[in-house]
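This briefing is for a reader new to the structure.

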Amino acid sequence: MITAAAAAATLLLLADPAAAAAPTPGAAGAGDAYYPTYGNGGYDVSHYDIRLRYQPETDQLQGTTTILATATENLSRFNLDFALDVDEVLVNGRPAAYRSTGEQELEVTPAAPLARGSRATVVVRYRGVPSKTVRYGFNAWLRTPDGGVIAGEPEGAWWWFPSNDHPFDKATFDVSVAVPDGTQAISNGTLVSQRSELGWTRYNWRQTKPQATYLATLAVGKFDITTGTSPSGIPVVNAYSKDLGDNDGAARASVERTGEIVDWLSGYLGPYPFTSAGGYVPNVTTRYALESQTRVFYSPRQFANGSNTSVVVHELAHQWYGDSVSVQRWSDIWLNEGFARYAQWLWSESEGEGTAQELADWVYASHPAEDPFWTVKPGDPGPDEQFALPVYDRGAVAVHALRNTVGDQKFFEILRGWPAERRFGNATVADFRAYAEKTAGRSLAEVFDTWLFTAAKPAAPTVPTGSVGFAARTTAPTEPRSWQKIQAATHEH
């Protein structure tokens, strides 16, 4: 006799053959050609709850991270990306077997397989000294005189929480950090509460919009924190280490303009996509900045030559191009860097320090045909050149070539419409081209192929009537006044 339940189960299996497939291990990589071992297959994360206790004096970190995920296939086992020592793993409340393999793979075998479409709660308890943890020959955890900082691309999560570490799997975040009284913990989003007890203060941060794992940041130390709102009312939180020395004034003079710049960018890129903005400048020796979502990381050396609002513009433009709309794979990096660099060019125009056309002319004239600069294809630069100068500068020239091809009206419609079209999602260069062509009502194959995918210096393009551009110039262009400050953001990573 076949019961009604058995009949229903049989029909379900017939309707969905994948549901009947035997459980198998999820892939130990996301399938990204640039970083084959980064990320994992078989599941999709919706939320990370990260609860930490950190002692600055010893750099000792203890943590419990709870991951909410949905299986995308029948899983007998799955991987997380993580580098610290693991004490316990639970899956759906039951102890799971685990082992560390490779550089950063944590293999987890649940007590019972996970069925495709089922939700799972994964709890990982761990500890370690992040500054002594080296993977692939490097360490992303930045030790400071009074604590530690994590802000890295394309990786950084491994040193403080287990994750599916690839931009394609975005999630919301709760980050709760206990530190000794007198020390602060800064992360993404909004500080929802803080409480002191028995000599420790716990800070609770919440990011309610989808966020890529590399954009999650943590800074522990002694900071001077400023709060306010942009002219349009967006909450702004900035923080500065108390020992920045000679760079302190320039850093504040730049980062304190965050609210003004966010509103200015909104005029070009559309409404700001998140519920807060801001940045922080810790006492580190690095030279880059990173667009950590809602809470940008800046190295003090970004301001060693004085204030630099151009760097702030670059990082804040990423909140639209890179954070809200993230790359589908790392080869799509032009969607981040080309547009963040172009935002600097627009800022230069508004400040009267050089137009976008003058900056494009300068880039074109500064690199002769035999310069290796032109062998890098911004549309697919390769992992070794992912953050190379051409991705920024030639990438911005590509954006300007698009502007000259479709005209200002259509260009700014594209610039503003794209972040709305893909808000909180992921995209490829091909996706952007399709959107631009739809908006412009014409093929843009020549622009994209020439400026993004040709490993040679393109012929000088024409520019709109009345403009002076590459081909129309009779004398060599002069360096725009904004150039040096714009270039400071090239050391972003």
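Helices are DSSP runs of H or I of at least four residues, strands are runs of E of at least two, and both are numbered from the N terminus. The model is predicted: local features need pLDDT of at least 70, side-chain atom pairs count only at pLDDT 80 or more, and totals for chains, interfaces and linings use all residues. Residues are numbered from 1 along each chain as its sequence is written, and side-chain values use heavy atoms, with hydrogens and water left out.

**Salt bridges**

- The structure holds 18 salt bridges, each a side-chain nitrogen of Lys or Arg within 4 Å of a carboxyl oxygen of Asp or Glu.
- D248 pairs with R252, their closest N and O atoms being 2.9 Å apart.
- D248 and R252 are 4 residues apart in helix α3 (residues 248–255), so about one helical turn separates them.
- D248 is partly exposed at 22% relative accessibility (buried is under 20% relative accessible area, exposed over 50%, partly exposed in between, with a 1.4 Å probe and protein chains only).
- R403 and E349 meet in a salt bridge of 3.8 Å, N to O.
- This pair links distant parts of the chain, with R403 in helix α8 and E349 in helix α6 (residues 334–350), 54 residues apart.
- R403 is buried at 9%, whereas E349 is partly exposed at 28%.

**Loop residue H367**

- H367 sits in the loop between α7 (356–366) and α8 (389–406).
- The relative accessible area of H367 is 12%, so H367 is buried.
- Leaving aside residues up to four places away in sequence, H367 touches F373, W374, L389 and K457, where contact means heavy atoms within 4.5 Å.
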